Amino acid sequence: MPRPGLVERVWDEIPAPRKSPGQNTTSFLRRSTRKRSMFSSPPPSAKKSRKAPKVPPLPVIPPTLLTLPYCAISRLLLCLDVASLENLSATCYYFDQLIAGKFLLALHFPFPVGFIKEVMADNCFEKKPLLKISCKKSWENFQTIPDLPGDLSESSSTHKLIIGNSPDMMDYLVFSQMSLLSLHKLRELDLVPDSIRGQLARRTIDSFSSFDCSLLQHISRLGSLRCLT
């Protein structure tokens, strides 16, 4: 067992660690003055919002007839007369197909020579619903057979045909021409004479009345009078 004095002497001889002049004996952790966020890196949604370009708003299209749904347009067309429908069909391709492509808008009766020529030139024809019939009892002359020379073809007029033929003949004429038409959507019927020359004779008035009655009867048989104005 070593002696007590020897232990104390050895302890005193152990050199103590040297300190630098500016060194503090107490060590502690230094806090950084930089502010730290809760996330070590930005969340993915924040990254996407930074990179996504701003999309400009779509231009607002002003409402027009063409932007309306088809059911609304078809309802509006029922409120227009035939002359307005003709004007509307001439505005653009859409209304031309919607109106003139589906309907035969107006037709003179008895058939004009020009219309009969068109029927003769076609191998087949479509019976589109007719919207308006005009029977003006015109005095305008036309060739009854336009392909023949003038000296071989007599000239006549609608007025002469109505006045100069018997009621049975006119009834047959009305029926034979009306059977070529689709009349179930007929809207307008104009029976007012185109022009009146002087005072009408009683025979002329009776002939006009008989022809108009025959026309109404065949429209009722072959089509409908429900939509007529």
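Mentor: What follows begins with the chain as a whole and then turns to the pocket. The model is a predicted one, and its protein chain holds nine helices and five strands, arranged along the sequence in the pattern α-α-α-α-α-β-α-β-β-β-α-α-β-α. Of the 229 residues in the protein chain, 22% count as buried, while the exposed surface comes to about 18000 Å², with carbon and sulfur atoms supplying 59% of that area. Among the contacts in the protein chain with a separation of 6 or more, 72% are made by residues 24 or more positions apart.

Against that background, the second largest pocket has a volume of about 340 Å³, and its lining is made up of 13 residues, of which Ser74, Leu78, Phe103, Lys185 and Arg187 are the closest to its centre. Two helices, α3 (70–77) and α5 (93–100), each supply at least two residues of this lining, and α3 gives the most, with three residues. Sorted by class, the lining of the second largest pocket consists of nine nonpolar residues, one polar residue and three charged residues.

With a disulfide taken as a pair of cysteine sulfur atoms within 2.5 Å, the count of disulfides comes to zero.

Notes:
Residues are numbered from 1 along each chain as its sequence is written. This is a predicted model: local features need pLDDT of at least 70, side-chain atom pairs count only at pLDDT 80 or more; totals for chains, interfaces and linings use all residues. Side-chain values use heavy atoms; hydrogens and water are left out. On a 1 Å grid over the protein atoms alone, a cavity is a set of points where a 1.4 Å probe fits but cannot get out, and a pocket is an open set with protein on both sides within 12 Å along at least five of seven lines; lining residues have an atom within 4 Å of a point. Grid points are joined across faces, edges and corners, and a volume is the space filled by probe spheres set on the points. Helices (H or I, at least four residues) and strands (E, at least two) are DSSP runs, numbered from the N terminus. Ala, Val, Leu, Ile, Met, Phe, Trp, Tyr, Cys and Pro count as nonpolar, Asp, Glu, Lys and Arg as charged, and the others, Gly among them, as polar. Buried means under 20% relative accessible area, exposed over 50%, partly exposed in between (1.4 Å probe, protein chains only). Contact means heavy atoms within 4.5 Å. Accessible areas come from the Shrake-Rupley method with a 1.4 Å probe; for residues, only the protein chains shown count as cover.
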